[in-house]
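Here are some notes to read alongside the model, written with a computational eye in mind. Please have the coordinates open while you go through the points.

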Amino acid sequence: MLAPGFADPVHDAQGTFRAVMDALARPGLLQRLDAGLEPPTPLTPELAAIALALTDADTPVWLDAGLAAAPEVAAYLRFHTGAPLTDDPARAAFALIRDPARCPPLARFAQGTPAYPDTSTTLVFAHDAITSGEGLNLAGPGINGMTRIALTPLPDSFVAQRAENRAGFPLGVDLILAAPGLVAGLPRSTAVTES
Amino acid sequence: MYVAVKGGEAAIDNAHRLLAEARRGDPAVPELTVAQIREQMALLVDRVMAEGSLYDPDLAALALKQARGDVVEAVFLVRAYRTTLPRFGASNPVDTGAMTVARRVSATFKDLPGGQVLGPTFDYTHRLIDFALAAEGTVEPAAEAEPRADAGTCPRVTDLLAQDGLIELSPPDDGAPVGDLTREPVDYPADRALRLQALARGDEGFVLGLGYSTQRGYGRTHPFVGEIRVGEVAVAFVPEELGFPVPLGRIRLTECQMVNQFKGSGAAPPQFTRGYGLTFGQSERKAMAMALVDRALRAEELGEPVASPAQDQEFVLAHCDSLQATGFVEHLKLPHYVDFQAELELVRRLRAEFFRDSDSMQEAAE
Amino acid sequence: MSAIGMLPLEGGAPEVAQVPSPVRGRDRVRDTPYPERPDPSPQPSPERERGPGASEAGEAGYNFAYLDEGTKRMIRRAILKAIAVPGYQVPFASREMPMPYGWGTGGVQVTAAILGRSDVLKVIDQGADDTTNAVSIRRFFARTSGVATTTRTTEATIIQTRHRIPETPLREGQTLVYQVPIPEPLRFLEPRETETRQLHALAEYGAMHVKLYEDISRHGHIATTYAYPVEVAGRYVMDPSPTPKFDNPKMDQSPALQLFGAGRERRIYAVPPYTSVRSLDFEDHPFRIQEFTDPCALCGAEGVYLDEMLLDDAGRRMFVCSDTDHCEGRRADGHVGTGDAV
């Protein structure tokens, strides 16, 4: 028996999208995301909500090792979104990452092209916790001066990877950071530094 | 005391009511039915279907009625409706070689398998207003002819030429997915399939003018009408869950295969090239013009200089759509007074500076 | 999923903010084509002004906010990319809408893609809520989504605009959706998309500066008065849509999210909140906005953009606020203009 999707497909998708939109428009600022989904583990309700809201047959989706190892996850996503799953991170429109600590290097995902920087991968991380006001320093468009955010877990050499990603602007990947009940954004335009 | 202009809402409501009344015209005159439009304004219905990218004669007829006969407006209604329809997938390619032809003419061969079929055409009518039509009357039934022995087999002229290698082959189906202009923004350079889609739904007048320009030297292609055929073809669709084609019905099409100037090089022998036109319903003018422009747009592929409007795909594709064109032209009647005020302020300032400078120069001279 | 919130949480202590609070209850717009409902109370909440189709799509046979969910997803993905690369024009598969190209189909598609039940929508054209096209678009959303509409800038969560930015400063949590006819700032220097795309890729904007400087040498001034090009976040040169350059400074570091939709040209672009938006200029010819010598004749406001009304054929004219909501708000607060022609 497949777990159900959104109870209200139109408005739940809209609400999830708006939370993600606000998250990317205001990097580092936490947005509430009460997805109301109970997807098969290890998919989290937030990853599931973002996938259901944003992916479909036009968007190849890449799953990290933990998610790919659970056939129920693929079945759930295929049924509710129709999105093709891909093994190649460089071909993914979206990448769902259950374990950010073991995420492949950001540079392995699609970076876009100089003429079409939008043809890049959007990575969705499922963190155990995100807190604002401490941790990494963020600056850039969408941020009034400077803001701070702490991610648990933090991917390996995250600051260096983000610096590399930022240096390639306008190319690069965008990160959607989810945690239980929350979502935050780190678009490629954000400069991330150690505090 | 000046009071700001108000009443946009009431004005819109009243304008809509007036429009409804104007659409109906004199109520003493019987109202047109959709079926009457579909049957007696059939070529107009065909054009609305072609440019509306939706094969539905009843809907096109209704759109024409609602649009008071304004073709672009009717196309608009059909397209806006089309947007809301779910998309199940793409049908199998239709086989125009298996068309049940109502008309089929070739300008390149006097006779050919399947014969020349004149069909219902204005081509050899004398354009004299027929005042008898103003009175109601019955139409003399059309003559019935014995079918030719080879009727029903209508191989394409281009296929006959291709057998001898005299014309370039149609590009083989490489199985690659065909783009859809209505679902992805055009990325230039656009491939031929996308260009043909744009031309097929492009404005007939615009495509006609461009095709005409190639004949007058703006991108000559030395065209011959290999063949025009009008008739019905079967449409089949393979549903994902069944895996075999299911017939959906038959649609009427006009196809034009234009045979164009040959090319050749040290490496390849000379052969004719192709221009292709296909449209819903019966519209030879559109199909022919489309074939001319299709061939002109292949200039770069065929190593010809791109020097004329009809050869320039950004120019053609960006401007051939009647809805985009009419929208942007007609939007000029929307209020622009904020921007005009900005220009007014600048022109007043520049004029003041101009007269001040010329005054001071005059003073200096005195 | 009832509690998806637009409510940002910071440092564990939720800032309670972004939900619009009705300030005054006048001039709320009723766009519904349906029978009159009971009069709203003097201080209607957005809930009360909701159109009849609030919980279901307002118009039978069409989805909430007209577009189907697949189209909305496609537009939403484009919006996210646009926000991530400020000022870059993201191609999107613009749909045929039930209003003509040139009437705001891009803005309408963007609004339809972001709009939710709890939004309060304001639509302006030339700064005014009561221009016919603004009325028509506002009605379209009232019919197809049932969301609350307003004329008040302070109450709106989404403001769709053609040619103006409201005079009332926007705040966090608001989204301004611009209708854009020609999204490409380089279009009139280079008509080819293939060329302009390369120029943006290389950040090669010299031709734009040359064009502006040619104006200076010919007229003594930069002769671009509206759709004045801006550089966003130090990278992309962007067309701000045909707003008068008077409004350009409002785009810089705005607390509101700015989204731009060009339907016919199939492009979406964005300026996130708190982002640098610099109008192109020269050291010896710094960017300057329009100035009006007289205040608004109705409300006495200075430093606002004015419409010039021709009063008679003897050349009498009057200058009044282009932003009708701002003007009405000031008059309700007791500000009075001279009422005089000039």
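**Notes on helices, sheets and chain contacts**

1. Let's start in chain B, where helix α4 (residues 57-66) and helix α5 (residues 71-83) pack at an angle of about 130 degrees, their axes 8 Å apart. That angle makes α4(B) oblique to α5(B). Axes here are lines fitted to C-alpha atoms, for helices over the stretch in contact, with angles from 0 to 180 degrees between N-to-C directions. Angles under 35 degrees count as roughly parallel, over 145 as roughly antiparallel, 65 to 115 as roughly perpendicular and the rest as oblique. Helices (H or I, at least four residues) and strands (E, at least two) are DSSP runs, numbered from the N terminus.

2. A word on provenance: this is a predicted model, in which local features need pLDDT of at least 70 and side-chain atom pairs count only at pLDDT 80 or more, while totals for chains, interfaces and linings use all residues. Residues are numbered from 1 along each chain as its sequence is written, and chains are lettered from A and ligands numbered from 1 in the order in which they are written.

3. Which residues bring α4(B) and α5(B) together? From α4(B) come B:Leu59, B:Ala60, B:Ala63, B:Leu64 and B:Gln66, and they meet B:Ala74, B:Leu77, B:Val78 and B:Tyr81 of α5(B). Contact means that the C-beta atoms, placed from the backbone, lie within 7 Å. By class, the residues of this contact are eight nonpolar, one polar and no charged. The classes are Ala, Val, Leu, Ile, Met, Phe, Trp, Tyr, Cys and Pro as nonpolar, Asp, Glu, Lys and Arg as charged, and the others, Gly among them, as polar.

4. Strands pair if DSSP finds at least two bridges between them. Three bridges join the antiparallel β6(A) and β10(A), and A:Leu138 has A:Val192 in β10(A) as its bridge partner.

5. C:Leu306 stands opposite C:Cys321 in β14(C). Six residues lie between the two strands, and C:Gly315 in the turn has a positive phi of about 90 degrees.

6. How do the chains meet? Of the two pairs of chains in contact, chains A and C share the most contacts. Their contact takes 48 residues from chain A and 41 residues from chain C. The largest share of chain A's side, 16 residues, comes from α1(A). That side of chain A divides into 23 nonpolar, 13 polar and twelve charged residues.

7. The contact between chains B and C takes 39 residues from chain B and 51 residues from chain C. On the chain B side, α12(B) gives the largest share, eleven residues. By class, this side of chain B has 19 nonpolar, eight polar and twelve charged residues. No contact joins chain A and chain B, and their closest C-alpha atoms lie 10 Å apart.
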